[in-house]
Amino acid sequence: MKVTFDRRKFLAGSASILAGTTFGIALPTSARAGEKIVKVGAITPLTGDAAGWGVPAFQGYKLWADLTNEAGGIKVGDDTYMVEVEVWDDEFLASKALTGAKKLVGDDHVDLVTLLCSTPVVAVQPYLTEQKVLSATTCTTDLSPDSSYLLSVGEVHPFYIPPSVNWLAKNRPELKTVAILSQDDELGVPSIATYALAFQQNNIETVHTELFPLATLDFAPVISAALAKNPDILCFDTAYPDFMNLMIEQAYQQGFKGQMMSVTLDNYPQLIEKTSKEFMEGFVFLFPDFDDPRLMEADINFANPGVFYARYNEAFPGAWTSQSWTYAAVLEIWKKGVEAAGSVNSTDVYAALQAMDKPPHIFGDAKWWGADVFGVNNALIGRWPVVQLQDGKAKIVEMGDVAGWLAENEAVVLETLREVGMLPN
Amino acid sequence: MFDLVIQTTVNAVIASSFTALFAVGLVLIFGVAKVVNFAHGELYMVGAFSTWYLYSEMGLPFSVAALCAILVSTLVGIFMETVLFRWKRGDELGGLILSVGMLMILQVAVIYLFGQGLMKNVVSPLKDSWQVFGLPNVVVPYQRLLVLVVAVSALAALWFLLQKTRIGWALRACADDPMAAMLQGISINRFALIAIGISAALAGAGGAVMAPLVQIDPDMGHTVIINGLIVIIVGGVGSISGAVVAAVFFSFFHTFITTFTGGIYADIFVMLFMLFILVVKPTGIMGRHEKV
C-alpha cells in the first residue's frame with residue numbers, strides 16, 4: 001500500500017496534535033471532584049553553577065507534594081487541598097528570579113514561593129511583599145525589615161556552621177590549623193567568615209583563605225596553594241557541588257591526608273568512587289541522609305523521612321544531595337502553618353506560624369529569631385545535625401545546638417558578618 | 001616554598017598544554033576557513049559530554065569513549081562547515097554570527113539529550129599521581145599527565161601535517177592567499193572542511209581528556225573560548241606558533257598568580273599582562289611572521 005503525505009494531511013495532523021496537547025495541558029492533573037487546589041512555587045536554579053543544588057531541591061519539592069497528595073492532601077477545616085507545584089529556573093540570577101516570581105504569583109497564583117538564597121531572594125522581595133505572598137530562603141542573612149513575608153525556616157545559613165566546628169574541635173583536639181576555600185560570592189563570603197570565627201573560638205588557626213572566582217577552570221593551583229600551608233583541616237566551606245567535587249579530587253590527587261569538612265557534601269558516593277573510602281572517612285558536614293536512624297525519632301518534624309528518602313532514590317537514583325529535602329522541609333512547616341491557620345492565605349499562615357509556642361522546625365525544638373538583627377522575627381533557630389562520613393555512609397553524630405551557640409555568640413558573629421559586608425551596619 | 005614553585009610550574013605546564021591544544025584549533029579554523037568560531041568551546045563541551053556519556057553512563061573503556069568523543073566532535077565540526085560556514089565564505093561577520101547560533105544550538109542539544117543541572121561525574125581512569133622527581137610535596141595526577149601527552153602529541157602531529165605533507169602545504173596556501181591557492185587548483189571548500197575537522201578533533205580531544213578534571217555542563221565552553229580568543233589575539237591572529245607561545249605565557253601567568261595571590265587577581269593581572277603585550281607589539285607575539 002502506498003502511503004502519501006501531502007501538505008493538507010500534514011496540517012491536519014499538526015492541528016490534531018496541537019489541540020490534543022492543549023486540551024491535555026489545560027486539564028488539572030491532580031485534583032478530583034470536591035477537592036481544592038493550593039499551588040506552591042519553586043524559584044530555583046535548574047541550570048548554571050548552582051544547579052547541582054537547584055535540581056535536587058525541586059525534585060524533593062515535587063516529591064513532597066506527591067507524597068502529601070497520596071496521603072490525602074492538606075486538611076483545612078472542612079476542605080481538602082491537593083498540592084500543585086510550579087517551578088521557574090532562575091539560573092541563580094536576580095533578574096530571572098523576579099520574572100519567575102511575577103509568573104508564579106501573577107499567572108499561576110501560588111501561595112508560597114521557595115527560593116535558594118542570596119541575590120535572587122533579595123530581588124523578588126519587594127514584589128512578593130507587595131503581593132503579600134510568603135517566601136522562603138535558605139540564607140538567614142537575606143532577611144530584612146522590608147521583607148516581612150520572607151521566612152528562613154529550613155536552613156539557617158551560615159549560623160548553623162559553628163556547632164560542627166565545635167564538635168570537630170572537641171573530638172579531634174590535635175587539629176590546629178585550617179585552610180578554607182570557597183567561591184567568591186554571597187554564599188562563600190559569609191560562610192568563610194563564620195567558619196573562621198568558629199575555628200578561632202576553638203583555637204584552630206586559619207593559615208590560608210581563598211575566595212576563588214566562579215569562572216575557575218583549574219583547581220590544581222587553588223589546592224596547591226592551600227596544601228603549601230600544611231593545614232590539618234581542609235574546609236570547603238559552602239562551595240557549589242561541582243567545585244567541591246573537583247577540589248576534593250584535587251586534594252586526593254595532591255596527597256592530602258588530613259581532616260576535611262564543609263557545609264554540604266553532595267553526591268558523596270561518587271566522591272568516594274573518585275577518591276577512596278579511606279580518604280573520605282571522617283569528613284564532617286551538615287546534611288544527613290534521610291534514612292539516618294536519628295531522624296526516625298519523635299522530635300523530628302518531617303513526615304516519614306525514611307519513606308521520602310526511599311522514594312526519592314527510587315525516582316532519582318544517585319541524585320540525593322543536601323538540597324533534596326530542604327525545600328520539602330519548608331513545605332512541611334508551611335503545611336503545619338496552613339493547618340493551624342485554617343487557611344492557605346499567606347498572611348494567615350504567617351500569623352499562625354508566628355503564634356506557635358513551639359514552631360515545628362524539621363530538627364525539633366526551635367524559636368523565632370532575628371527581630372533585633374534583621375528587623376523581622378522570621379528565622380527559625382533550633383538544632384542542626386553535625387554529620388560525619390563513617391565507613392562510607394553519612395551519619396548524624398550530634399544534633400548541634402544552633403540556638404544555644406547563637407545566644408552566647410550573637411554579637412560577635414553579627415559583627416563578623418558586618419565586617420564582610422553581609423549585614424547592614 | 002621551593003616545592004610550591006615546582007608544583008606550580010608543573011600545574012602551569014599542564015594548563016599550557018590544554019590551552020595550546022584548544023587555541024591552535026581556533027587558529028586553524030580562522031586561518032583556513034576565515035571563521036571566528038565562537039562555537040569552538042562547544043566542540044570542547046561536546047567532547048566532554050560524549051566522554052561522560054560513553055564512559056560513565058555506557059561503561060565503555062575510557063580510551064574508546066575518548067576516541068568516540070573525538071569522532072563526535074569532528075562530525076559536529078564537519079556539519080558546521082558543510083551546512084553553515086561554507087555558505088558564508090568571505091563574510092567573516094556572517095560566519096561569526098552563525099557560530100554564535102551554533103553555540104546555542106549545541107548547548108540546548110546537550111541539555112535536551114542529557115538533562116540539566118545535576119553533576120556529570122567522570123571518575124578518572126588514572127586515579128593515582130606521580131611524585132615528581134621524588135620531591136615530597138610535588139605531585140602530578142596521571143590524568144593530568146595524560147592531558148599533557150595528548151596535547152603535545154596532537155600538536156606535534158599537526159606540526160608534521162602542516163610542514164611535511166602536501167595536505168599541510170595546501171592548508172597553508174589556503175590560509176596565506178585563498179585566491180592564489182584556488183588558481184593553483186586547491187579547493188578552498190575541501191581544505192576548509194579538513195581544517196575544521198582537525199580543529200574540532202583537537203577540541204574534542206581536549207574535552208575528552210579534561211572530562212574527569214573539570215565541571216561538565218553546557219556552559220563549560222564559555223570561559224575556555226574567552227581564554228582561547230585572548231591567546232590567539234596575543235599570539236598573533238593566524239599564527240599557530242604564536243598561539244602556542246601565548247598559551248604558555250597565559251597559563252604560566254594565570255597559574256602562578258592564582259597560587260601565590262589568588263584566583264580573583266589572576267584574571268585581572270592576566271588581562272593587564274596580555275594588554276601590555278598588545279601595546280608593545282600590536283600584531284601579537286608572532287603576528288605577520290608566520291601563518292598557517
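Trainee: How many bridges join strand β14 (residues 383-390) of chain A to strand β15 (residues 393-401) of chain A, and in which direction do the strands run?

Mentor: Two strands pair if DSSP finds at least two bridges between them; strands (E, at least two residues) and helices (H or I, at least four) are DSSP runs, numbered from the N terminus. Here β14 and β15 of chain A run antiparallel and are joined by eight bridges. A:V386 stands opposite A:E398 in β15(A). Two residues lie between the strands of this hairpin, and A:D391 takes a positive phi near 55 degrees. The model is predicted: local features need pLDDT of at least 70, side-chain atom pairs count only at pLDDT 80 or more, and totals for chains, interfaces and linings use all residues. Residues are numbered from 1 along each chain as its sequence is written, while chains are lettered from A and ligands numbered from 1 in the order in which they are written.

Trainee: How is chain A divided into domains?

Mentor: Domain bounds come from an automatic or database domain assignment. In chain A, domain 1 comprises 36-157 + 297-381, and domain 2 comprises 162-285 + 386-419. Their centres, taken over C-alpha atoms, are separated by 27 Å. Residues are in contact if their C-beta atoms, placed from the backbone, lie within 7 Å; 17 residues of domain 1 of chain A are in contact with 17 residues of domain 2 of chain A.

Trainee: Which residues have the most contacts inside the largest nonpolar core?

Mentor: A nonpolar core is a set of buried Ala, Val, Leu, Ile, Met, Phe, Trp, Tyr and Cys residues joined through C-beta atoms within 7 Å. A residue is buried if 20 or more other C-beta atoms lie within 10 Å of its own, exposed if 12 or fewer, and partly exposed in between, with C-beta atoms placed from the backbone. The largest core has 140 residues, and A:Y61, A:V113 and A:M247 have the most contacts inside it. Both domains of chain A give residues to this core, so it lies between them. Beyond four places in sequence, the contacts of A:Y61 include A:A42, A:V85 and A:Y327.

Trainee: What span should helix α8 (residues 188-210) of chain B have?

Mentor: The expected span is 1.5 Å times one less than the number of residues. The 23 residues of α8 of chain B should therefore span 33 Å, and the end C-alpha atoms are 32 Å apart, which agrees. Of these 23 residues, 19 are buried, and α8(B) is mostly covered.

Trainee: How many residues of chain A are in contact with chain B?

Mentor: In this model, 33 residues of chain A are in contact with 26 residues of chain B.

Terms used. Two residues are in contact if their C-beta atoms, placed from the backbone, lie within 7 Å.
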